[in-house]
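Hello,

Here is the structure I promised to pass on. Have a look at it first, and then read on for what I found in it.

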Amino acid sequence: MIRKAVLFLLAVTLGLGLSLACNPIAPAASFAPTHPQELGPGRPLCTTCHADETLGGAHKPYSAFDHTPAFVKDHRFLAGRDSNVCAACHAQAFCADCHSGKVFMTPDVKLGNRPDRDMPHRADYLTVHRFDGQADPTSCFKCHGRANNEQCIVCHR
Amino acid sequence: MRQRTSVVLLATFVSAGAWAQDVSGFSTTIAHFSQQNTPGFPSVDLAPFTEFLGVDATRLGSDALSLHLYGWGVNDLGGPSTILGKSGGDLSYAYLDYRFSQANAEFKAGRFSVNQGAGVEQVDGISGRTDLRGGFNVSAFVGAPVHYKTQEPPSPSTYTYHYQTDMIIGGRLGLRLGPVGEVGVSYLQDGSSPPWDLATPPPVDYTRKQAGTDLRLAPTAKLELTGHTLFNVANQYQAPGGPVPDGHRVAEQDYTLRYTLLPTITVTGNYTERNLEAYFAGTNMPNLFRTDVSDRHQAVGGSVILGSATATEVVLDFRHMSRETYGNSDRYGADLRMAAAESKVKYGFGLHKVSAADLFMPGGSVRAFYGMSREEGRAWVMVEAGKYTASLDGISYHFDDGTNPNLNGKSSLCQVVGSVGVKPTENLSLSGDLSYGANAYYQNETSVLLRTTYRFSAASKGGSK
């Protein structure tokens, strides 16, 4: 463990040294930490103001970040590659509403006053998961396979 | 992380927030009273109080340095109502973030979540990323994986091998191809000791080493393919008497194709494949996720979205799933959503049908096979009038085979949640929910929830978050 940590630090140091020597860092300015104007209510559409533009820091068209139903369903990919873009409008706590790891209260109970938000496990999912788990046992794993085990292990001993 | 360490870390970070020039945050307190009635058992009254607290402090002496905290704690006045016991809590994240003004470079230290290709983890450690010349970008993290205790002490046969989860390291190298796409390769390793090096090798090898490739291709503005493939690259060994590794190296393939037919009509297609042994490698609940390691899951699906990003959205969706040890199932249906941003009234409906293969249950009390098909329905409405809000949300399930033992004799389940709220000031909001449900666990369950949220902000610039 210690040897690996030392090797890792050496690798980081070497990487930083090479970086300083060759200056491979992109010269472009970073993406803005916050959106310059406060956005209105509802799901935002970037293309309302940025029709055919490319989002500089992400090298992607603004349309890729329009909050359409398809975006909401597959946001995991863009959130992984361009979290800085998300952070321009969303605080980390917004992600934690659903992705906070260990939880006591399911998101749909915590936000029972917001039926307009897509939430996992609405209503009695405890019963339904016995059915969905047969068809697709992998769907539970991303959130519960390495986390939140206090909940699962009560029955799955 | 030990509780004492968490408290010290929290106190240190909170005091560091005093140096911040911009501080914002929120406090949400939820009192949840419920009564669960199960035939043959006395009714149970529950009264947990939960506090969620989040703080974002920016410009900590430098414009680039910020602090982010979020956690929760619960105490049950009637309990112990939860598997946590009478009280509990968690620090979801607490980290210092330094964002450079150039190259989207960023450095984090503390507890945070990472989402870097193969690595989707909660970590106590450090991470960094930067854009490089030529469209490249690189990110990496190292630390200790965050694990949660269980009710019972860990035992080798049922829970986890701590010596294999003492550290976690990962990284991703990406290449951005202008607006037409991005490709990336990533790596993740959990644990520092291979099991065969241990004095007493465990019967099953849970070593997790995963490599990943990811891509996003958008040759035109209307067409986009995005997804990733994960490979299990650990040298999994067969312990004496242990299961034979199935040899699949592909843990997961998950790809989605999106085509914008017209500005308001989008068509999507998705393919997913997961080989369970490789996909579940490293789970700390092997008794749940590693029961049949040679199993495989595949799914194809798609959707047609009408009125995408307009006031009226209709989503027609279909998904065919296939699991080798179970059979096939199809889920299809439609959702309607009327939610114009400026509208005071928003509402939606959804209907879905699940046609699934019968489940073989040799221990069933009536027969060996039980139906798994069902219909789902949901309707919701939300009204916002000035500082007042109200909502109603109803969900029902009807199962075709009411004799399925999983249903405890109930073929129909439902839940209705009604909520009213008021926002006396710009920063304070109060709301109350009343819900009723009939489900397979409790003949009926009634609950009242009171929610208080206070947001504070001293930020001097930027949009709302």
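In helix α7 of chain A, which spans residues 125-135, the buried residues are Thr127(A), Val128(A), Phe131(A), Gly133(A) and Ala135(A). Buried here means under 20% relative accessible area, exposed means over 50%, and partly exposed lies in between (1.4 Å probe, protein chains only). Part of the cover over the buried residues of α7(A) is from chain B: it includes β15 (296-306), β16 (312-323), β17 (327-338), β21 (374-385), β22 (388-399) and β23 (412-422). Helices (H or I, at least four residues) and strands (E, at least two) are DSSP runs, numbered from the N terminus.

Before going further, please keep in mind that this is a predicted model, with local features needing pLDDT of at least 70 and side-chain atom pairs counting only at pLDDT 80 or more, while totals for chains, interfaces and linings use all residues. Residues are numbered from 1 along each chain as its sequence is written, chains are lettered from A and ligands numbered from 1 in the order in which they are written, and side-chain values use heavy atoms, with hydrogens and water left out.

Now to the interface. On the chain A side, 95 residues are in contact (heavy atoms within 4.5 Å) with 121 residues of chain B. The area buried between the two chains is about 9700 Å², with 56% given by carbon and sulfur atoms; buried area is the accessible area (1.4 Å probe) that two parts lose on being put together, summed over both. Between chain A and chain B there are 6 salt bridges, each a side-chain nitrogen of Lys or Arg within 4 Å of a carboxyl oxygen of Asp or Glu. One salt bridge joins the side chains of Arg76(A) and Asp254(B), at 2.6 Å from N to O. Helix α7(A) supplies 10 residues, the largest share of the side of chain A that touches chain B.

As for chain A itself, there are 9 helices and 2 strands, in the order α-β-β-α-α-α-α-α-α-α-α from the N terminus. Of its 157 residues, 40% are buried.

Cys49(A) is exposed, at 62% relative accessibility, whereas Cys89(A) is partly exposed, at 22%.

Best wishes
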